[in-house]
Amino acid sequence: MALRTADQYRAGLRDGRRVFIMGKKVEDVTSDPYIKVGVETAAFDFRMGHDPEMKEKAVMADPETGEDISTYFELPDYPEAVAKRHELVKDACYYADGALPFIKDVGSDIINGLTVVAKLSGNKDYLERINAYRSYCARNDLSLAGAVTDVKGDRSKSPSQQTSPDYYLRVVDETADHIVVSGAKAHITAGPYTDEVLVIPTRNLTEDEADYAVAFAVPLNAEGITQVCRPNFRYEDHYHFPTPNPKRGHVESLLIFDNVKVPMERVFMLRDWQFAQYLAYAFTAFHRYTAVTYKIPILEYMTGLGMLAAEANGVEKTSNIREKFVEMINYTETTKALAKAAYNDPENFADSGLFVANRLTANMAKLYFASHFHEFVRTIQDIAGGLVVTQPTYQDWQNKELHPYLERYLGGAGEYTAEKRLKLMSMLHHVVASDFAGWHEVCTIHAEGSFAAQKMMLLAEAPMEMYKNRARQTIGLDI
Ligand SMILES: Cc1cc2nc3c(=O)[nH]c(=O)nc-3n(C[C@H](O)[C@H](O)[C@H](O)COP(=O)(O)OP(=O)(O)OC[C@H]3O[C@@H](n4cnc5c(N)ncnc54)[C@H](O)[C@@H]3O)c2cc1C
(Lines give C-alpha, C1' and ligand atoms only; values in the text may rest on other atoms or scores of the structure.)
Protein backbone atom coordinates (compact mmCIF):
# COMPACT_ATOMS: atom_id res chain seq x y z
CA MET A 1 0.00 0.00 0.00
CA ALA A 2 1.25 3.49 -0.82
CA LEU A 3 1.20 6.36 1.64
CA ARG A 4 -2.35 6.92 2.84
CA THR A 5 -4.29 10.14 2.47
CA ALA A 6 -5.93 11.94 5.39
CA ASP A 7 -9.31 10.65 4.16
CA GLN A 8 -8.08 7.07 4.09
CA TYR A 9 -6.75 7.53 7.63
CA ARG A 10 -10.12 8.84 8.84
CA ALA A 11 -11.98 6.02 7.08
CA GLY A 12 -9.69 3.48 8.76
CA LEU A 13 -10.81 4.72 12.17
CA ARG A 14 -14.42 3.70 11.50
CA ASP A 15 -13.58 0.15 12.48
CA GLY A 16 -15.93 -0.69 15.34
CA ARG A 17 -13.51 0.40 18.08
CA ARG A 18 -14.94 0.86 21.58
CA VAL A 19 -14.32 4.46 22.65
CA PHE A 20 -16.29 6.31 25.33
CA ILE A 21 -16.43 9.99 26.18
CA MET A 22 -18.49 11.52 29.00
CA GLY A 23 -20.20 8.20 29.59
CA LYS A 24 -21.32 7.69 26.01
CA LYS A 25 -20.05 5.30 23.37
CA VAL A 26 -18.66 7.14 20.36
CA GLU A 27 -20.02 5.78 17.09
CA ASP A 28 -17.48 7.55 14.89
CA VAL A 29 -14.39 9.11 16.46
CA THR A 30 -13.79 11.23 13.37
CA SER A 31 -16.96 13.23 13.94
CA ASP A 32 -17.09 13.43 17.74
CA PRO A 33 -16.85 17.18 18.57
CA TYR A 34 -13.99 16.63 21.05
CA ILE A 35 -12.07 13.69 19.60
CA LYS A 36 -12.16 15.34 16.19
CA VAL A 37 -9.61 17.88 17.50
CA GLY A 38 -7.11 15.03 17.78
CA VAL A 39 -8.16 13.29 14.56
CA GLU A 40 -7.68 16.45 12.54
CA THR A 41 -4.33 17.22 14.20
CA ALA A 42 -3.19 13.68 13.46
CA ALA A 43 -4.47 13.93 9.88
CA PHE A 44 -1.66 16.39 9.12
CA ASP A 45 0.69 13.44 9.19
CA PHE A 46 -1.09 11.98 6.18
CA ARG A 47 -1.16 15.32 4.39
CA MET A 48 2.60 15.78 4.73
CA GLY A 49 3.38 12.75 2.59
CA HIS A 50 1.46 14.22 -0.34
CA ASP A 51 2.58 17.82 0.01
CA PRO A 52 5.56 18.67 -2.22
CA GLU A 53 6.83 21.10 0.43
CA MET A 54 7.00 18.45 3.13
CA LYS A 55 7.61 15.34 1.08
CA GLU A 56 11.38 15.52 1.14
CA LYS A 57 11.42 15.25 4.92
CA ALA A 58 8.30 13.18 5.47
CA VAL A 59 8.82 10.47 2.86
CA MET A 60 11.62 8.00 2.18
CA ALA A 61 12.06 4.93 0.01
CA ASP A 62 11.38 1.56 1.60
CA PRO A 63 14.88 0.00 1.84
CA GLU A 64 13.58 -3.27 0.33
CA THR A 65 10.81 -2.33 -2.10
CA GLY A 66 11.73 1.25 -2.96
CA GLU A 67 8.10 2.22 -2.34
CA ASP A 68 7.31 5.54 -0.61
CA ILE A 69 7.02 5.15 3.16
CA SER A 70 6.86 7.59 6.07
CA THR A 71 10.29 8.69 7.31
CA TYR A 72 9.08 8.10 10.86
CA PHE A 73 9.69 4.39 10.31
CA GLU A 74 13.31 4.79 9.29
CA LEU A 75 15.82 2.64 11.19
CA PRO A 76 18.14 5.25 12.75
CA ASP A 77 21.31 3.31 11.98
CA TYR A 78 23.52 6.28 11.11
CA PRO A 79 24.37 9.33 13.26
CA GLU A 80 22.73 11.91 10.98
CA ALA A 81 19.37 10.15 11.42
CA VAL A 82 19.02 11.95 14.75
CA ALA A 83 19.20 15.45 13.26
CA LYS A 84 16.95 14.33 10.41
CA ARG A 85 14.35 13.13 12.87
CA HIS A 86 14.62 16.40 14.81
CA GLU A 87 13.87 18.38 11.65
CA LEU A 88 10.97 16.07 10.73
CA VAL A 89 9.29 16.32 14.14
CA LYS A 90 9.81 20.09 14.32
CA ASP A 91 8.58 20.75 10.79
CA ALA A 92 5.59 18.45 11.27
CA CYS A 93 4.67 20.65 14.20
CA TYR A 94 4.97 23.90 12.21
CA TYR A 95 2.95 22.21 9.48
CA ALA A 96 0.15 21.21 11.88
CA ASP A 97 -0.43 24.79 13.07
CA GLY A 98 1.94 24.38 16.01
CA ALA A 99 0.78 20.98 17.34
CA LEU A 100 2.55 17.71 16.71
CA PRO A 101 0.51 15.15 14.69
CA PHE A 102 1.99 12.58 17.17
CA ILE A 103 0.66 9.41 15.60
CA LYS A 104 3.92 7.95 14.37
CA ASP A 105 6.41 9.55 16.77
CA VAL A 106 5.80 7.63 19.97
CA GLY A 107 5.13 4.37 18.12
CA SER A 108 8.35 4.54 16.14
CA ASP A 109 10.25 5.50 19.31
CA ILE A 110 8.95 2.27 20.88
CA ILE A 111 9.84 0.27 17.76
CA ASN A 112 13.37 1.68 18.01
CA GLY A 113 13.57 0.87 21.73
CA LEU A 114 12.37 -2.69 21.08
CA THR A 115 14.90 -3.08 18.28
CA VAL A 116 17.74 -2.05 20.61
CA VAL A 117 16.62 -4.47 23.32
CA ALA A 118 16.07 -7.35 20.87
CA LYS A 119 19.61 -6.81 19.57
CA LEU A 120 21.18 -6.55 23.00
CA SER A 121 19.31 -9.56 24.37
CA GLY A 122 20.34 -11.61 21.34
CA ASN A 123 16.78 -12.92 20.87
CA LYS A 124 16.54 -13.52 17.12
CA ASP A 125 12.77 -14.16 17.18
CA TYR A 126 12.12 -10.81 18.80
CA LEU A 127 14.42 -9.05 16.39
CA GLU A 128 12.76 -10.66 13.37
CA ARG A 129 9.32 -9.81 14.71
CA ILE A 130 10.08 -6.18 15.45
CA ASN A 131 11.81 -5.73 12.10
CA ALA A 132 8.78 -7.26 10.39
CA TYR A 133 6.46 -5.03 12.39
CA ARG A 134 8.44 -1.92 11.44
CA SER A 135 8.00 -2.86 7.76
CA TYR A 136 4.33 -3.72 8.26
CA CYS A 137 3.64 -0.30 9.82
CA ALA A 138 5.61 1.50 7.12
CA ARG A 139 4.03 -0.40 4.22
CA ASN A 140 0.50 0.03 5.55
CA ASP A 141 1.23 3.60 6.65
CA LEU A 142 -0.22 2.97 10.09
CA SER A 143 -0.80 5.41 12.90
CA LEU A 144 0.35 4.19 16.31
CA ALA A 145 -0.23 4.96 19.96
CA GLY A 146 2.34 4.04 22.58
CA ALA A 147 1.16 2.55 25.87
CA VAL A 148 3.80 2.51 28.58
CA THR A 149 2.25 4.03 31.71
CA ASP A 150 0.38 1.49 33.83
CA VAL A 151 -2.33 2.62 36.23
CA LYS A 152 0.10 1.59 39.01
CA GLY A 153 -2.13 1.64 42.12
CA ASP A 154 0.17 2.25 45.08
CA ARG A 155 3.26 3.88 43.57
CA SER A 156 5.50 2.70 46.38
CA LYS A 157 4.80 -0.94 45.53
CA SER A 158 5.84 -3.18 42.64
CA PRO A 159 3.20 -5.17 40.68
CA SER A 160 3.42 -8.27 42.89
CA GLN A 161 3.10 -6.19 46.08
CA GLN A 162 -0.13 -4.42 45.04
CA THR A 163 -3.49 -5.25 46.61
CA SER A 164 -4.77 -5.96 43.09
CA PRO A 165 -2.88 -7.80 40.32
CA ASP A 166 -4.64 -5.49 37.84
CA TYR A 167 -2.62 -2.36 38.53
CA TYR A 168 -0.09 -3.40 35.90
CA LEU A 169 -0.87 -4.99 32.55
CA ARG A 170 0.03 -8.68 32.40
CA VAL A 171 -0.18 -11.96 30.52
CA VAL A 172 -3.15 -13.98 31.75
CA ASP A 173 -3.03 -16.87 29.29
CA GLU A 174 -0.79 -18.31 26.62
CA THR A 175 -0.99 -20.88 23.82
CA ALA A 176 1.56 -21.82 21.17
CA ASP A 177 0.33 -19.14 18.77
CA HIS A 178 -0.97 -16.33 20.96
CA ILE A 179 -1.00 -14.71 24.38
CA VAL A 180 -3.91 -13.14 26.25
CA VAL A 181 -3.34 -9.90 28.17
CA SER A 182 -5.37 -7.93 30.72
CA GLY A 183 -4.77 -4.60 32.41
CA ALA A 184 -5.06 -0.89 31.76
CA LYS A 185 -2.66 1.76 30.53
CA ALA A 186 -3.24 5.40 31.47
CA HIS A 187 -3.07 8.73 29.63
CA ILE A 188 -2.61 7.24 26.16
CA THR A 189 -2.22 10.09 23.70
CA ALA A 190 -4.13 9.61 20.44
CA GLY A 191 -5.32 6.16 21.54
CA PRO A 192 -8.89 6.85 20.35
CA TYR A 193 -7.70 7.71 16.84
CA THR A 194 -4.72 5.53 15.99
CA ASP A 195 -4.77 2.23 14.13
CA GLU A 196 -2.65 0.16 16.49
CA VAL A 197 -1.02 0.42 19.88
CA LEU A 198 2.42 -0.70 20.98
CA VAL A 199 2.58 -1.78 24.60
CA ILE A 200 5.69 -2.10 26.76
CA PRO A 201 6.30 -2.38 30.54
CA THR A 202 6.78 0.82 32.50
CA ARG A 203 9.27 -0.28 35.17
CA ASN A 204 11.78 -2.78 36.54
CA LEU A 205 10.36 -6.20 37.42
CA THR A 206 11.44 -9.23 39.40
CA GLU A 207 11.38 -12.90 38.44
CA ASP A 208 8.06 -13.50 40.20
CA GLU A 209 6.62 -10.61 38.18
CA ALA A 210 7.54 -12.15 34.81
CA ASP A 211 3.91 -12.11 33.60
CA TYR A 212 4.13 -8.32 33.61
CA ALA A 213 7.20 -8.34 31.36
CA VAL A 214 5.35 -8.23 28.07
CA ALA A 215 5.63 -6.08 24.96
CA PHE A 216 3.35 -6.37 21.96
CA ALA A 217 1.33 -4.56 19.29
CA VAL A 218 -2.36 -4.91 18.59
CA PRO A 219 -5.02 -3.10 16.51
CA LEU A 220 -7.13 -0.73 18.58
CA ASN A 221 -10.36 -2.34 17.43
CA ALA A 222 -9.31 -5.73 18.82
CA GLU A 223 -11.88 -7.54 20.90
CA GLY A 224 -11.54 -6.71 24.58
CA ILE A 225 -10.12 -3.20 24.11
CA THR A 226 -12.11 -0.29 25.54
CA GLN A 227 -10.96 3.31 25.70
CA VAL A 228 -12.31 5.99 28.01
CA CYS A 229 -11.38 9.55 27.18
CA ARG A 230 -12.32 12.99 28.42
CA PRO A 231 -12.99 16.19 26.51
CA ASN A 232 -10.20 18.68 26.09
CA PHE A 233 -11.80 21.31 23.86
CA ARG A 234 -14.34 21.33 21.04
CA TYR A 235 -13.39 21.26 17.40
CA GLU A 236 -16.17 23.70 16.54
CA ASP A 237 -15.25 26.52 18.89
CA HIS A 238 -17.87 29.30 18.88
CA TYR A 239 -16.64 30.70 22.15
CA HIS A 240 -13.23 31.95 21.10
CA PHE A 241 -12.66 34.30 18.17
CA PRO A 242 -12.29 32.30 14.95
CA THR A 243 -8.79 31.60 13.64
CA PRO A 244 -7.84 30.72 10.04
CA ASN A 245 -7.68 27.05 11.05
CA PRO A 246 -9.35 25.23 13.95
CA LYS A 247 -7.28 24.83 17.09
CA ARG A 248 -5.06 21.77 17.31
CA GLY A 249 -4.42 19.36 20.13
CA HIS A 250 -4.77 15.78 21.32
CA VAL A 251 -6.97 13.54 23.41
CA GLU A 252 -5.74 10.82 25.79
CA SER A 253 -7.50 7.67 26.90
CA LEU A 254 -7.57 5.14 29.66
CA LEU A 255 -6.83 2.09 27.54
CA ILE A 256 -8.37 -1.07 28.96
CA PHE A 257 -7.34 -4.57 27.89
CA ASP A 258 -9.90 -7.15 28.96
CA ASN A 259 -8.55 -10.55 27.90
CA VAL A 260 -7.14 -9.34 24.61
CA LYS A 261 -5.64 -11.96 22.30
CA VAL A 262 -2.29 -11.07 20.74
CA PRO A 263 -0.82 -13.30 18.02
CA MET A 264 2.71 -14.46 18.79
CA GLU A 265 4.22 -12.67 15.77
CA ARG A 266 3.23 -9.39 17.43
CA VAL A 267 4.80 -10.28 20.79
CA PHE A 268 8.19 -8.59 21.17
CA MET A 269 8.96 -9.57 24.76
CA LEU A 270 7.44 -12.35 26.81
CA ARG A 271 8.36 -12.83 30.46
CA ASP A 272 11.90 -11.49 29.97
CA TRP A 273 11.67 -9.64 33.26
CA GLN A 274 15.43 -8.92 33.25
CA PHE A 275 14.95 -6.62 30.25
CA ALA A 276 11.78 -4.79 31.32
CA GLN A 277 13.52 -1.80 32.84
CA TYR A 278 16.05 -1.58 30.05
CA LEU A 279 13.25 -1.55 27.50
CA ALA A 280 11.54 1.36 29.27
CA TYR A 281 14.91 3.11 29.37
CA ALA A 282 15.63 2.42 25.68
CA PHE A 283 12.23 3.78 24.69
CA THR A 284 12.75 6.98 26.67
CA ALA A 285 16.18 7.45 25.11
CA PHE A 286 14.37 7.91 21.81
CA HIS A 287 11.15 9.45 23.03
CA ARG A 288 12.41 12.13 25.36
CA TYR A 289 14.16 13.70 22.43
CA THR A 290 10.97 13.65 20.37
CA ALA A 291 9.35 15.45 23.30
CA VAL A 292 11.94 18.19 23.50
CA THR A 293 11.82 18.71 19.77
CA TYR A 294 8.10 19.26 19.48
CA LYS A 295 8.16 21.81 22.31
CA ILE A 296 10.24 24.20 20.21
CA PRO A 297 7.48 25.40 17.85
CA ILE A 298 5.12 25.70 20.83
CA LEU A 299 7.54 27.90 22.79
CA GLU A 300 8.30 30.09 19.78
CA TYR A 301 4.60 30.64 19.21
CA MET A 302 3.82 31.35 22.86
CA THR A 303 6.72 33.81 23.09
CA GLY A 304 5.27 35.59 20.07
CA LEU A 305 1.85 35.72 21.72
CA GLY A 306 3.38 37.33 24.82
CA MET A 307 5.12 39.93 22.67
CA LEU A 308 1.96 40.72 20.72
CA ALA A 309 0.04 41.12 23.98
CA ALA A 310 2.58 43.76 25.04
CA GLU A 311 2.14 45.51 21.70
CA ALA A 312 -1.64 45.43 21.96
CA ASN A 313 -1.43 46.96 25.42
CA GLY A 314 1.12 49.59 24.30
CA VAL A 315 3.80 48.49 26.76
CA GLU A 316 6.27 46.72 24.49
CA LYS A 317 8.94 49.36 25.05
CA THR A 318 8.68 49.79 28.81
CA SER A 319 11.60 48.46 30.83
CA ASN A 320 9.53 46.15 33.05
CA ILE A 321 8.01 44.46 29.99
CA ARG A 322 11.35 44.31 28.11
CA GLU A 323 12.61 42.41 31.13
CA LYS A 324 9.83 39.89 30.55
CA PHE A 325 10.75 39.62 26.88
CA VAL A 326 14.25 38.70 28.03
CA GLU A 327 12.83 35.97 30.29
CA MET A 328 10.74 34.51 27.46
CA ILE A 329 13.60 34.66 24.96
CA ASN A 330 16.03 33.14 27.43
CA TYR A 331 13.67 30.26 28.17
CA THR A 332 12.76 29.52 24.57
CA GLU A 333 16.26 29.84 23.16
CA THR A 334 17.91 27.87 25.97
CA THR A 335 15.47 25.00 25.38
CA LYS A 336 16.24 25.16 21.65
CA ALA A 337 19.98 25.32 22.25
CA LEU A 338 19.89 22.26 24.49
CA ALA A 339 17.84 20.38 21.90
CA LYS A 340 20.33 21.35 19.21
CA ALA A 341 23.28 20.34 21.37
CA ALA A 342 21.66 16.94 21.92
CA TYR A 343 21.27 16.15 18.24
CA ASN A 344 24.71 17.49 17.38
CA ASP A 345 26.20 14.82 19.62
CA PRO A 346 24.42 11.59 18.60
CA GLU A 347 25.27 8.35 20.39
CA ASN A 348 25.43 4.79 19.14
CA PHE A 349 23.06 3.46 21.78
CA ALA A 350 24.84 0.72 23.75
CA ASP A 351 26.68 -0.17 20.51
CA SER A 352 23.38 -1.43 19.12
CA GLY A 353 23.96 0.37 15.84
CA LEU A 354 20.91 2.59 16.48
CA PHE A 355 21.60 6.25 17.12
CA VAL A 356 19.95 8.51 19.69
CA ALA A 357 20.42 12.15 20.60
CA ASN A 358 22.89 12.65 23.43
CA ARG A 359 20.98 11.27 26.40
CA LEU A 360 22.39 13.57 29.05
CA THR A 361 21.69 16.71 27.03
CA ALA A 362 18.26 15.54 25.82
CA ASN A 363 17.19 14.93 29.41
CA MET A 364 18.60 18.28 30.50
CA ALA A 365 16.57 19.90 27.72
CA LYS A 366 13.35 18.21 28.85
CA LEU A 367 14.03 18.95 32.52
CA TYR A 368 14.86 22.59 31.80
CA PHE A 369 11.78 22.98 29.62
CA ALA A 370 9.42 21.37 32.13
CA SER A 371 10.95 23.12 35.16
CA HIS A 372 10.36 26.62 33.78
CA PHE A 373 7.16 26.28 31.75
CA HIS A 374 4.85 27.51 34.50
CA GLU A 375 7.01 30.62 35.02
CA PHE A 376 6.86 31.19 31.28
CA VAL A 377 3.05 30.98 31.33
CA ARG A 378 2.99 33.33 34.32
CA THR A 379 5.09 35.85 32.39
CA ILE A 380 2.65 35.79 29.47
CA GLN A 381 -0.32 36.11 31.83
CA ASP A 382 1.38 39.05 33.50
CA ILE A 383 2.03 40.85 30.21
CA ALA A 384 -1.45 40.20 28.84
CA GLY A 385 -3.45 41.58 31.79
CA GLY A 386 -6.79 40.53 33.26
CA LEU A 387 -8.65 40.65 29.97
CA VAL A 388 -7.21 37.21 29.32
CA VAL A 389 -9.82 35.80 31.68
CA THR A 390 -12.60 38.42 31.70
CA GLN A 391 -12.91 39.20 28.00
CA PRO A 392 -16.32 38.93 26.42
CA THR A 393 -16.68 35.87 24.21
CA TYR A 394 -17.03 35.78 20.45
CA GLN A 395 -20.78 35.32 20.90
CA ASP A 396 -20.87 38.70 22.68
CA TRP A 397 -18.87 40.25 19.86
CA GLN A 398 -21.47 38.98 17.40
CA ASN A 399 -24.40 40.28 19.45
CA LYS A 400 -25.70 43.45 17.76
CA GLU A 401 -26.62 45.10 21.06
CA LEU A 402 -23.22 44.52 22.65
CA HIS A 403 -20.96 44.92 19.67
CA PRO A 404 -20.85 48.76 19.64
CA TYR A 405 -19.86 48.82 23.31
CA LEU A 406 -17.11 46.29 22.84
CA GLU A 407 -15.85 48.13 19.78
CA ARG A 408 -15.87 51.40 21.72
CA TYR A 409 -14.24 50.28 24.95
CA LEU A 410 -11.90 47.42 24.22
CA GLY A 411 -9.51 48.82 21.63
CA GLY A 412 -5.78 48.74 22.35
CA ALA A 413 -2.63 50.59 21.35
CA GLY A 414 -1.72 51.65 17.81
CA GLU A 415 -3.34 49.47 15.19
CA TYR A 416 -5.01 47.23 17.75
CA THR A 417 -8.69 47.85 17.18
CA ALA A 418 -11.03 46.18 19.65
CA GLU A 419 -11.50 43.31 17.22
CA LYS A 420 -7.77 42.72 16.78
CA ARG A 421 -7.08 43.01 20.48
CA LEU A 422 -9.92 40.67 21.43
CA LYS A 423 -8.87 38.20 18.79
CA LEU A 424 -5.41 38.11 20.33
CA MET A 425 -6.76 37.93 23.89
CA SER A 426 -9.07 35.14 22.84
CA MET A 427 -6.12 33.02 21.68
CA LEU A 428 -4.19 33.97 24.80
CA HIS A 429 -7.12 32.73 26.85
CA HIS A 430 -6.99 29.40 25.05
CA VAL A 431 -3.23 29.07 25.50
CA VAL A 432 -2.62 30.36 29.04
CA ALA A 433 -5.95 30.54 30.86
CA SER A 434 -8.36 27.84 29.64
CA ASP A 435 -8.97 24.24 30.68
CA PHE A 436 -6.62 23.37 27.86
CA ALA A 437 -3.95 25.67 29.33
CA GLY A 438 -4.22 23.77 32.63
CA TRP A 439 -3.94 20.51 30.72
CA HIS A 440 -0.86 21.86 28.97
CA GLU A 441 0.85 22.79 32.24
CA VAL A 442 0.32 19.30 33.63
CA CYS A 443 1.33 17.81 30.30
CA THR A 444 4.70 19.62 30.41
CA ILE A 445 5.42 18.08 33.80
CA HIS A 446 4.28 14.50 33.30
CA ALA A 447 4.03 13.65 29.61
CA GLU A 448 7.19 11.91 28.35
CA GLY A 449 8.21 11.35 31.97
CA SER A 450 7.89 13.38 35.16
CA PHE A 451 10.77 15.43 36.63
CA ALA A 452 12.08 12.45 38.59
CA ALA A 453 12.51 10.43 35.40
CA GLN A 454 14.79 13.06 33.88
CA LYS A 455 16.69 13.51 37.14
CA MET A 456 17.38 9.78 37.27
CA MET A 457 18.71 9.96 33.72
CA LEU A 458 20.95 12.90 34.61
CA LEU A 459 22.41 10.92 37.49
CA ALA A 460 22.86 7.89 35.23
CA GLU A 461 24.40 9.71 32.27
CA ALA A 462 26.42 12.56 33.79
CA PRO A 463 30.22 12.04 33.96
CA MET A 464 30.29 12.11 37.76
CA GLU A 465 33.65 10.34 38.06
CA MET A 466 35.17 12.93 35.76
CA TYR A 467 33.83 15.75 37.95
CA LYS A 468 35.28 14.13 41.06
CA ASN A 469 38.61 13.40 39.39
CA ARG A 470 38.97 17.03 38.41
CA ALA A 471 38.41 18.03 42.02
CA ARG A 472 40.77 15.30 43.30
CA GLN A 473 43.53 16.39 40.93
CA THR A 474 43.19 20.04 41.91
CA ILE A 475 43.35 19.25 45.60
CA GLY A 476 45.93 16.50 45.26
CA LEU A 477 43.62 14.02 46.92
CA ASP A 478 44.65 10.40 46.52
CA ILE A 479 41.31 8.69 47.27
C1 LIG B 1 -0.97 14.77 28.62
C2 LIG B 1 -0.27 13.48 28.88
C3 LIG B 1 -0.03 12.60 27.84
C4 LIG B 1 0.59 11.37 28.08
N5 LIG B 1 0.75 10.49 27.04
C6 LIG B 1 1.20 9.23 27.30
C7 LIG B 1 1.24 8.24 26.28
O8 LIG B 1 0.91 8.50 25.14
N9 LIG B 1 1.66 6.99 26.61
C10 LIG B 1 2.04 6.66 27.88
O11 LIG B 1 2.41 5.53 28.12
N12 LIG B 1 2.00 7.59 28.88
C13 LIG B 1 1.60 8.85 28.61
N14 LIG B 1 1.56 9.79 29.61
C15 LIG B 1 1.92 9.36 30.95
C16 LIG B 1 3.16 9.98 31.56
O17 LIG B 1 4.32 9.36 31.08
C18 LIG B 1 2.96 9.82 33.07
O19 LIG B 1 1.97 10.77 33.44
C20 LIG B 1 4.20 10.02 33.88
O21 LIG B 1 5.11 8.98 33.64
C22 LIG B 1 3.85 10.06 35.37
O23 LIG B 1 3.09 8.95 35.75
P24 LIG B 1 1.72 9.15 36.55
O25 LIG B 1 0.88 10.09 35.78
O26 LIG B 1 1.19 7.82 36.86
O27 LIG B 1 2.14 9.91 37.85
P28 LIG B 1 2.80 9.28 39.14
O29 LIG B 1 3.70 8.17 38.75
O30 LIG B 1 1.75 8.98 40.12
O31 LIG B 1 3.70 10.46 39.63
C32 LIG B 1 3.25 11.47 40.53
C33 LIG B 1 4.41 11.88 41.42
O34 LIG B 1 4.81 10.78 42.23
C35 LIG B 1 6.20 10.54 42.08
N36 LIG B 1 6.40 9.09 42.19
C37 LIG B 1 5.77 8.12 41.51
N38 LIG B 1 6.21 6.91 41.88
C39 LIG B 1 7.13 7.12 42.83
C40 LIG B 1 7.95 6.26 43.62
N41 LIG B 1 7.89 4.94 43.51
N42 LIG B 1 8.80 6.83 44.49
C43 LIG B 1 8.88 8.17 44.62
N44 LIG B 1 8.12 9.03 43.90
C45 LIG B 1 7.26 8.51 43.02
C46 LIG B 1 6.55 11.08 40.70
O47 LIG B 1 7.94 11.40 40.59
C48 LIG B 1 5.66 12.29 40.63
O49 LIG B 1 6.26 13.38 41.27
C50 LIG B 1 0.99 11.04 29.38
C51 LIG B 1 0.77 11.93 30.43
C52 LIG B 1 0.15 13.14 30.20
C53 LIG B 1 -0.10 14.06 31.36
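Reply: Start with a rule for strands: two strands pair if DSSP finds at least two bridges between them. Strands (E, at least two residues) and helices (H or I, at least four residues) are DSSP runs, numbered from the N terminus. Now a case: V199 stands opposite F216 in β9.

Me: Before we go on, where do the values come from?

Reply: This is a predicted model, in which local features need pLDDT of at least 70, side-chain atom pairs count only at pLDDT 80 or more, and totals for chains, interfaces and linings use all residues. Residues are numbered from 1 along each chain as its sequence is written, and side-chain values use heavy atoms, with hydrogens and water left out.

Me: In which sense do β8 and β9 pair, and over how many bridges?

Reply: Strands of a sheet pair through backbone hydrogen bonds, either parallel or antiparallel. Here β8 and β9 (residues 214–219) pair in the antiparallel sense, over four bridges. On the β5 side, four bridges join β5 (residues 144–147) to β8, and these two run parallel. A145 has V197 as its bridge partner in β8. G146 stands opposite L198.

Me: What is the order of the strands in the open sheet?

Reply: The order is β5-β8-β9-β12, four strands with mixed pairing. β5 and β12 (267–270) stand at the edges with a single partner strand each, so one side of each has no neighbour in the sheet. From one strand to the next, the twist averages 20 degrees.

Me: Which helix packs on the sheet?

Reply: First, contact means heavy atoms within 4.5 Å. Helix α5 (residues 105–121) packs there, touching β5, β8, β9 and β12. The direction of α5 makes about 60 degrees with that of β5.

Me: Which way do the side chains of β8 point?

Reply: In a regular strand the side chains alternate between the two faces of the sheet. In β8 (residues 196–199), E196 and L198 point one way. V197 and V199 point the other way. All of them are buried. Buried means under 20% relative accessible area, exposed over 50%, and partly exposed in between (1.4 Å probe, protein chains only).

Me: Is T115 buried or exposed?

Reply: T115 counts as buried, at 1% relative accessibility. T115 is found in helix α5. Leaving out residues up to four places away in sequence, T115 touches L75, L127, I130, N131, R134 and L354.

Me: And D45, buried or exposed?

Reply: D45 is buried, with a relative accessible area of 5%. Its place is in helix α2 (residues 35–48). Not counting residues up to four places away in sequence, D45 touches Y72, P101, I103 and K104.

Me: What joins β6 to β7?

Reply: A hairpin does, through three residues. β6 (residues 170–174) and β7 (residues 178–189) run antiparallel, joined by four bridges. The bridge partner of E174 in β7 is I179.

Me: Now the helices. At what angle do α9 and α13 pack?

Reply: Axes are lines fitted to C-alpha atoms, for helices over the stretch in contact, and angles run from 0 to 180 degrees between N-to-C directions. α9 (residues 359–384) and α13 (residues 418–432) pack at about 155 degrees, with their axes 11 Å apart. That makes α9 roughly antiparallel to α13. The cut-offs: under 35 degrees counts as roughly parallel, over 145 as roughly antiparallel, 65 to 115 as roughly perpendicular and the rest as oblique.

Me: Which residues meet there?

Reply: V377, I380, Q381 and A384 in α9 meet M425, L428 and V432 in α13. This contact has six nonpolar residues, one polar and no charged. For these classes, Ala, Val, Leu, Ile, Met, Phe, Trp, Tyr, Cys and Pro count as nonpolar, Asp, Glu, Lys and Arg as charged, and the others, Gly among them, as polar.

Me: How do α7 and α13 cross?

Reply: The axes of α7 (residues 276–312) and α13 come within 10 Å and cross at roughly 140 degrees. That makes α7 oblique to α13. Among the residues in contact are Y301 and M302 of α7, and R421 and L424 of α13. By class, the contact has eleven nonpolar, no polar and one charged residues.

Me: What about α7 and α9, at what angle do they pack?

Reply: They pack at about 25 degrees, with their axes 9 Å apart. α7 and α9 are therefore roughly parallel to each other.
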